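Thanks for coming, everyone. Please bring the structure up on your screens, and we will walk through it.

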Amino acid sequence: FKSMVGGALATFMIAGRRMYLDLLVALAGFKDTPLYYFYDLNAKVNFRLSESDRLYVSGYFGRDVLLPPKGEQRTFDVNWGNSTGNLRWMHIFSANVFSNFSAIYTNYTFSTRTDDNSGVNDEFRAVSQIQDATLRGELQYVQGEVHTFKLGAELTQHVFSVGASRGDRTSFPGVNTQDINSLEGAVFVQDEVSVSESFSANLGTRLYYFEKGKYLNVEPRLSASYKLDDNLTVKGSVAVANQFLHLIMRNDISLPTDLWFPSTETVLPSRCVQSVVGFETKPFDEQYLLTVEAYYKDYKNLYEYRDRARFVFGAPLESQFTTGTGEAYGAEFFLNKRLGSFTGWVGYTLSWTKRRFPELNRGREFYPRYDRRHDIAMALMYRLSDGWEIGATWVYGTGQSYTMPTGVYYYENIDGSTIVNPQAALDYSARNAYRLPPFHKLDVNFIRKFTWFDLPFQLSLNIYNAYNRQNPFGQTVSFSYTSSFSPSTGQYSFQPVPQVTQYTLFPFIPTVGLSVNF
């Protein structure tokens, strides 16, 4: 929408969504499908203050909620969301120089509550909240046809609230949270160089400071591309990156247990050195685009929970971490058909991600949660006529790895007395030695475009998960109990029996949509 505000031309947009899968699942009576929904709200206003000045105001709020199936005895409650506001002023100094100045606020929250997989009446809870207030300034200068300089600086005040606890769900004392504040500052400079029509490069560096721990690091980066001919370009890059925020999660629980923990005096920033090499070609008179890239990443200062981590109230959380190294490598292939009635693209990634921690998995290498060997994505569109289109997308991904229970054992009294109702505990595989089944699904959509009352309309029929693949969102182990009567004691005994439950979020879902532009 456009309007005049105080003499300045303004455009604005507002949009909101709410997913009702939780209500549909409840109405349809799906017993094994968790209750999941999300909602979000977007708003943006652009002010044209003058020929040289623009003011942008935007905001976002959204939340996702995941609950167990209705009537499910096993408990979990996972919810996450983000709210943010952004005020940006763009000023054009000349045809070659312009700037952006921004003030940004974000508030991210994540919380999880789930059974502990311990075989007893335990729950695990984790919370992460990150509040950031940022001031950022950027300047771009174009010097002829050879150089494009970019430089900038930003200052962010971080407020972290993180915690993880474990306890009896009937008398849970609450989550032990830590509040950590830190100031972060950074400056960067970059030069995009066009040496010739065939050769171009990008050189840059970033200097950042993180107050908590007094960390000062330099992050250089370099990328270059060279056109061998009109249809073939080779390219490569190398970069160093540091990250002060660590993702810590339980590997013996397949449901999300994300914990975002900042660097401190004892928790070092993670460091990655990444190199990429590849080529790009446009065969068949540029109807197609083919890119192939290979990459390698080397990681230092990675963190995970210790094997014997104690999530007790009052224990310092960073004392439950252990540090290690990692590497990731693979190849990415992308083919895009850009012209004609039949268009689309196919992407495939073959990758390995490995970690080695002296105190985990007996010091042996293991695959982290998000290691994914094969990743395929395909999107195809066929234009039947000026008013009809049909499209389809298909994705496939290797299942996540995690530490799966492989056996069960029962407690016995030390004095040898008879146990009427024995307690059970689980025995686990090697670290992340089990994988969930692979994820794959097909989405299909039919689109009819038409004009009504001189307005462009679009009617669409969409089928999500067309062949109703029961993709695993997570698997959990719980206990049911079998009873037996002993004539000698005249008592009933109850034996815990483990069972695996798989949760699937999205079944076959048809939807109809109608949109109009005006």
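Let's start at one residue. Asn361 touches Asp307, Phe366, Ala430 and Arg431, leaving aside residues up to four places away in sequence. Contact here means heavy atoms within 4.5 Å. Before going on, a word on the source: this is a predicted model, local features need pLDDT of at least 70, side-chain atom pairs count only at pLDDT 80 or more, and totals for chains, interfaces and linings use all residues. Residues are numbered from 1 along each chain as its sequence is written, and side-chain values use heavy atoms, with hydrogens and water left out.

Back to Asn361. Asn361 sits in the loop between β18 and β19 (374–383). Helices (H or I, at least four residues) and strands (E, at least two) are DSSP runs, numbered from the N terminus. Is Asn361 buried or exposed? Asn361 counts as buried, because its relative accessibility is 11%. The cut-offs: buried is under 20% relative accessible area, exposed is over 50%, and partly exposed is in between, with a 1.4 Å probe and protein chains only. The Asn361 side chain also reaches the backbone nitrogen of Arg431, at 3.1 Å.

Now the whole chain. The protein chain has two helices and 29 strands. Of its 518 residues, 38% count as buried. Take contacts between residues at least 6 apart in sequence: 61% of them join residues at least 24 apart.

Two strand residues next. Ser161 is in strand β8 (residues 147–168). Ser161 is buried, because its relative accessible area is 16%. Which residues does Ser161 touch, not counting those up to four places away in sequence? They are Val127, Ser128, Gln129, Thr177, Gln178 and Asp179. With Gln129, 32 residues apart along the chain, the C-alpha separation is 5.1 Å. With Asp179, a side-chain to side-chain polar contact spans 3.1 Å. A polar contact is a pair of N or O atoms within 3.5 Å; within protein, one must be able to donate a hydrogen and the other to accept it, and residues adjacent in sequence count only if both atoms are side-chain atoms.

Ala186 is in strand β9 (residues 177–194). Ala186 counts as buried, because its relative accessibility is 8%. Its C-alpha atom is 4.1 Å from that of Tyr208, 22 residues apart along the chain. Tyr208 is also among the residues Ala186 touches, including Gly152, Glu154 and Leu207.

Most residues other than glycine have a negative phi. Phe453 is not a glycine, yet has a positive phi of about 55 degrees. Where is Phe453? Phe453 is in the loop between β25 (439–452) and β26 (455–464). Phe453 counts as exposed, because its relative accessible area is 65%.

Asn465 also has a positive phi, near 55 degrees, in a residue other than glycine. Asn465 is in the loop between β26 and β27 (474–486). Asn465 counts as buried, because its relative accessibility is 1%. That's the tour; thank you.
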